[in-house]
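Here is a report on one model.

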Amino acid sequence: MSGILDLLNSDLGKTIISGVSGSTGTDQNKTSSVLTMALPVLMKAMERNASTPEGAQGLMGALSSKHDGSILDNLSGLFGGGVDDNVKSDGSKILSHVLGQKQSGVQQVIGQKAGIDAGSVGEILKVAAPILMGVLGKQSRQNNVSNPNELTGLLGGLLGGNESKNEQSFLESILDADGDGSVIDDVAGMVLGSAKNKGGLGGLLGGLFGGKN
């Protein structure tokens, strides 16, 4: 199974990055950087939430109904006339549910790394969250996910499993952020350091997820 960051490098991913960039008025490269860091963090948070029976049940219910993947069938319509406020409102609820009290800390840290303010990160994530849920819903349907174990397996597979401890500790550190950004700066600096020299989305992907120096 392809990981979530492989998706961002695909044609679909480029459409998403371009559309989110246009709808939020944020530079495309910065939007790309934010999504590259944020999507795995959101996935990791969902994986955590799905580790409880209630959390798994709630996520499975959402993926089999509202977030079944149909949003991906008409991305040009979604982005064409400006993203609907209902989509952003839905995204806001998803972020609040998935990240809880850690939302502002996560947005702050990602903003620092991407070179934009936390508010802009929030706007990007509001648009991206329903799309990410759509990706999960589609994958869930294609893989006939019917129980919590299969759901956590799907999330783990999209995250790339536990092959590399670096990115796992990076994700955990961001999710454990208390909002001041200090603890995570060191960890993020270590994990993302090599990406700066390679430039672009590919470099950031490599630096964040198992790339070799």
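## A histidine in a loop

His 67 sits in the loop that links H4 to helix H5 (75–80). Helices here are DSSP runs of H or I with at least four residues, numbered from the N terminus. His 67 is buried, at 8% relative accessible area. Buried means under 20% relative accessible area, exposed over 50%, and partly exposed in between, with a 1.4 Å probe and protein chains only.

Beyond residues up to four places away in sequence, His 67 touches Ala 62, Asp 90, Ile 94, Pro 130, Met 133, Gly 134 and Gly 137. Contact means heavy atoms within 4.5 Å.

## Basis of the model

The model is predicted: local features need pLDDT of at least 70, side-chain atom pairs count only at pLDDT 80 or more, and totals for chains, interfaces and linings use all residues. Residues are numbered from 1 along each chain as its sequence is written, and side-chain values use heavy atoms, leaving out hydrogens and water.

## Helix H4

H4 covers residues 53–64, 12 residues in total. Its first and last C-alpha atoms are 16 Å apart, close to the expected 16 Å. That expected span is 1.5 Å times one less than the number of residues.

Ala 56, Leu 59, Met 60 and Leu 63 are the buried residues of H4. They fall within an arc of 100 degrees seen down the axis, so they line one face of the helix. The arc is taken from the directions between the helix axis and the C-beta atoms. An α-helix has 3.6 residues a turn, so residues three or four places apart point the same way. Glu 54 and Gln 57 are exposed on the face of H4 turned away from the buried side. Cover for the buried residues of H4 includes helices H3 (28–49), H8 (118–142) and H9 (148–159).

## The nonpolar core

The largest nonpolar core has 53 residues. Such a core is a set of buried Ala, Val, Leu, Ile, Met, Phe, Trp, Tyr and Cys residues joined through side-chain atoms within 4.5 Å. Val 34 and Leu 151 touch the most other members. H8 gives the most to this core, with 11 residues.

Setting aside neighbours within four places in sequence, Leu 151 contacts Ala 50, Ala 56, Leu 59, Met 60, Leu 63 and Val 145.

## A histidine on a helix

His 97 belongs to helix H6 (residues 85–99). His 97 is exposed, at 65% relative accessibility. Met 46 is 51 residues from His 97 in sequence, and their C-alpha atoms are 9.4 Å apart.

Key
Helix = DSSP H or I, 4+ residues; strand = E, 2+ residues; numbered from the N terminus.
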